[in-house]
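Work through the exercises below with the sequence and the structure open beside you. Try each task before reading its solution.

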Amino acid sequence: MDDSTWTLTDGHAGNRRQAEALAAALGRDARAWTLDARTPWRWASPRRLPGSRHAFGPDFAQALRLGRAALPDLAIGCGRQAALATRLLHAHGCRTVQILDPRIASRHFDLVVAPSHDGLEGRNVISLLGSLHPVDDLWLAAARREFAALGELPGPRTALLLGGPSDHARHAAGDWEALLDRVAGVVREEGGSVLATASRRTPPAVVARMRERLGWLPGIAWAGAEDGPNPYAGLLGWADRIVCTADSVNMLSEACATDVPVHAAGIDGLRGRPRRFAESLLGLGRVRPLDGGLSSWPVTPLRETARVARDVAARLGL
């Protein structure tokens, strides 16, 4: 652990993954802070209220009180709660990078890294397509070693990544059924195997249907700790093609960082920023809508993390 670098998130997997991915790409072994903002700062973040240094409990407040000797050289935050913490650290002289649109002026941070579908602009804003993540050739190779047994499954191996409803994504019951039927039908006709995983947002009824509809096919269907270690990395590493619901920018970004075709499901049910991201991928030809069979085409992996890290290092003199 390197106290010269902190990552700060609310602990949500997507936010934590982005902050840690950027720290790793910068070659910095960071101390991870999981923030649990107290009321009223939980509601107001990242806006400052009186006594904001107490927003995240006594340890964080003590570090701020002690000043530069107790604070990091670089703080990387991701998410709205973290934006208050990085704002406070910036005011104490730390170099700060805030990931995702903080919904306040970017001048409160040294740099803001935001997806282009957020539409954020500014001299200290670095835009990227999608989200930050660790997926590259080395990561995929390590995943194949860790989950070598998946490589013994018959090909083509179809990875199925299921998300769930959100404020920007609608999923009708019939949509889930059609998706599972499509994947099962293709695997049944072509042979091969299916590598399916659900997420925390996948409705329990859909998880049950996934097990029922795909469980008889060669492969795996993972939905939680009861199914053993999470094989998500292995699914990306061993897939010959990927079917991914388009409701998660993080999940779709990581699927597109592989070197296999990605078929996006549920695009018509998207709105707002996830819809703009999906349409960008369609325009680039990196994904295709899930319709008919699972065709193949030459792809270029979408990997923004290394580029963003180089830009951050150059701008901050790291």
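**Exercise 1: a serine in a loop**

S45 sits in the loop that runs between α2 (41-44) and α3 (58-66). The model is a predicted one.

Task: Decide whether S45 is buried or exposed, and find which side chain it joins in a polar contact.

Solution. 
Step 1. Buried means under 20% relative accessible area. S45 has a relative accessibility of 2%, so S45 counts as buried.
Step 2. Leave aside the neighbours within four places in sequence; S45 is then in contact with R80, Q81 and L84.
Step 3. The side chains of S45 and Q81 are joined by a polar contact of 3.5 Å.

**Exercise 2: an asparagine in another loop**

Task: Locate N124, classify N124 as buried or exposed, and find which backbone oxygen its side chain reaches.

Solution. 
Step 1. N124 is in the loop between β5 and β6.
Step 2. The relative accessibility of N124 is 15%, and the limit for buried is under 20%, so N124 counts as buried.
Step 3. Not counting residues up to four places away in sequence, N124 touches S106, R107, F109, D110, L111, V112 and R315.

**Exercise 3: salt bridges**

Task: How many salt bridges does a search of the whole structure find?

Solution. 
Step 1. The search of the whole structure gives 17 salt bridges.
Step 2. R273 is in helix α10 (residues 272-284) and D118 in the loop between β5 (111-115) and β6 (125-128); the pair links distant parts of the chain, 155 residues apart.

**Exercise 4: nonpolar cores**

Task: How many residues does the largest nonpolar core have, and which of them have the most contacts inside it?

Solution. 
Step 1. In soluble globular proteins, nonpolar side chains tend to be buried together.
Step 2. Here the largest nonpolar core has 37 residues, and L161, L236, I242, L252, V262 and L281 have the most contacts inside it.
Step 3. At least two residues of this core come from each of α5 (137-146), β7 (157-161), α8, β10 (241-245), α9 (249-256), β11 (262-265) and α10.
Step 4. Take L281 as an example. Not counting residues up to four places away in sequence, L281 touches L129, L252, C256, R286, V287 and L302.
Step 5. There is also a second, separate core of 21 residues, with L162, L180, V206 and V243 among them.

**Exercise 5: two domains**

Task: Describe what domain 1 and domain 2 bury between them, and state how many salt bridges and polar contacts cross the interface.

Solution. 
Step 1. The protein chain is divided into domain 1 (5-133 + 307-316) and domain 2 (137-289).
Step 2. The C-alpha centres of the two domains are 30 Å apart. Domain 1 gives 11 residues to the contact and domain 2 gives 14 residues.
Step 3. Between them the domains bury about 1,100 Å², with 52% of it on carbon and sulfur atoms.
Step 4. The rule finds 2 salt bridges across the interface, and 5 residue pairs are in polar contact between the domains.

Definitions and conventions
Residues are numbered from 1 along each chain as its sequence is written. This is a predicted model: local features need pLDDT of at least 70, side-chain atom pairs count only at pLDDT 80 or more; totals for chains, interfaces and linings use all residues. Side-chain values use heavy atoms; hydrogens and water are left out. A salt bridge is a side-chain nitrogen of Lys or Arg within 4 Å of a carboxyl oxygen of Asp or Glu. Helices (H or I, at least four residues) and strands (E, at least two) are DSSP runs, numbered from the N terminus. A nonpolar core is a set of buried Ala, Val, Leu, Ile, Met, Phe, Trp, Tyr and Cys residues joined through side-chain atoms within 4.5 Å. Buried means under 20% relative accessible area, exposed over 50%, partly exposed in between (1.4 Å probe, protein chains only). Contact means heavy atoms within 4.5 Å. Domain bounds come from an automatic or database domain assignment. Buried area is the accessible area (1.4 Å probe) that two parts lose on being put together, summed over both. A polar contact is a pair of N or O atoms within 3.5 Å; within protein, one must be able to donate a hydrogen and the other to accept it, and residues adjacent in sequence count only if both atoms are side-chain atoms.
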